[in-house]
Amino acid sequence: MKIHHVGYLAKNIEKTRKKFLELGYGVEREVMYDEYRQIDIEFLKNGDYRVELIQPKSEDSPMFPLLKRFKNSPYHFCYEVADLEQSVEELSQMGYTVIQEIAPAPAIDGRKVVFLNNISMGIIELVEA
Ligand code: NI
């Protein structure tokens, strides 16, 4: 599966962005608020590598508990797939569990995404191509 981005948790997206820019990353999409997930989200690019910065903005955010666990660090790879439902079914056969149901992601033009977890892999995200 082709990698779309690496998701990177940030305790403070402004400060974390500054550190990425110092290392030569550029802003691909300015920060925006995802109301559904209650996160600030921003895409950075370094050559072919795309990093998604995520800062949970509320304790009600489904991403908030991750902040305690991971602090400032990468926490998921996102893969581009042709058919979300089909890939979820295939990955379920391979031992993945859906942890966030299929929902549109405003920060990626409303494309549908889904999050899954596997005990030996951790969290992955799928985005519809
Ligand atoms: Ni992501």
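Tutor: Gladly! Bear in mind that this is a predicted model. Let's begin with H5, which has a relative accessible area of 1%.

Student: What makes H5 buried rather than exposed?

Tutor: Buried means under 20% relative accessible area. H5 has 1%, so H5 is buried.

Student: Why does H76 get the label buried?

Tutor: The cut-off is again under 20%, and H76 has a relative accessible area of 2%, so H76 counts as buried.

Student: And why is Q100 called buried?

Tutor: Its relative accessibility is 17%, and the limit is under 20%, so Q100 counts as buried. Q100 is found in strand 6, residues 97-105. Leaving aside neighbours within four places in sequence, Q100 is in contact with R37, P62, M63, V114 and F115.

Student: Which residues are the protein donors of the nickel ion, and how do you know that they qualify?

Tutor: They are H5 and H76, each through NE2, and E52 and E125, each through OE. A donor must be an N, O or S atom within 2.8 Å of this metal. These atoms lie 1.9 to 2.1 Å from the nickel ion, so they qualify as donors.

Student: What makes the nickel site irregular?

Tutor: The angles among its four donor atoms run from 87 to 178 degrees. Tetrahedral would need all angles between 85 and 135 degrees, so 178 degrees rules that label out. Square planar has its own limits on the angles, and the site is classed as irregular.

Student: How are the donor residues spaced in sequence?

Tutor: The pattern is H-x46-E-x23-H-x48-E. H5 lies in strand 1 (residues 2-9) and H76 in strand 5, so the pair ties together parts that are 71 residues apart in sequence. The C-alpha atoms of H5 and F77 are separated by 6.1 Å, although these residues are 72 apart along the chain.

Student: What makes a group of residues a nonpolar core, and which residues have the most contacts inside the largest one?

Tutor: The members must be buried residues of nonpolar-core types, joined through side-chain atoms within 4.5 Å. The largest such core has 17 residues, and I54, M63 and Y75 have the most contacts inside it. Strand 3 (39-46) gives the largest share of this core, three residues. Beyond its sequence neighbours, I54 is in contact with residues including L9, I13, I41, M63 and Y75.

Student: Why is one space called a cavity and another a pocket?

Tutor: One cavity of 30 Å³ or more is found in the whole structure. The largest cavity holds about 80 Å³ of space. It is lined by 14 residues, and those nearest its centre are R37, I41, E52, F115 and E125.

Student: What about the largest pocket: what is its volume, and which residues are closest to its centre?

Tutor: Its volume is about 250 Å³. The lining has 13 residues, with I3, H4, D48, Y49 and R50 the closest to the centre. Strand 1 provides the largest share of that lining, five residues.

Notes. Residues numbered from 1 in each chain as written. Predicted model: local features only at pLDDT ≥ 70, side-chain atom pairs only at ≥ 80, totals over all residues. Heavy atoms only, no water. Buried < 20%, exposed > 50% of the residue type's maximum accessible area, 1.4 Å probe, protein only. Helix = DSSP H or I, 4+ residues; strand = E, 2+ residues; numbered from the N terminus. Contact = heavy atoms within 4.5 Å. Donors = N, O, S within 2.8 Å, 3.2 Å for Na, K, Ca; no water. Tetrahedral: all angles 85-135°; square planar, octahedral: opposite > 155°, others 65-115°. 1 Å grid on protein atoms, 1.4 Å probe; cavity = no way out; pocket = protein on both sides within 12 Å on 5 of 7 lines; lining within 4 Å. Points joined across faces, edges and corners; volume = space filled by probe spheres on them.
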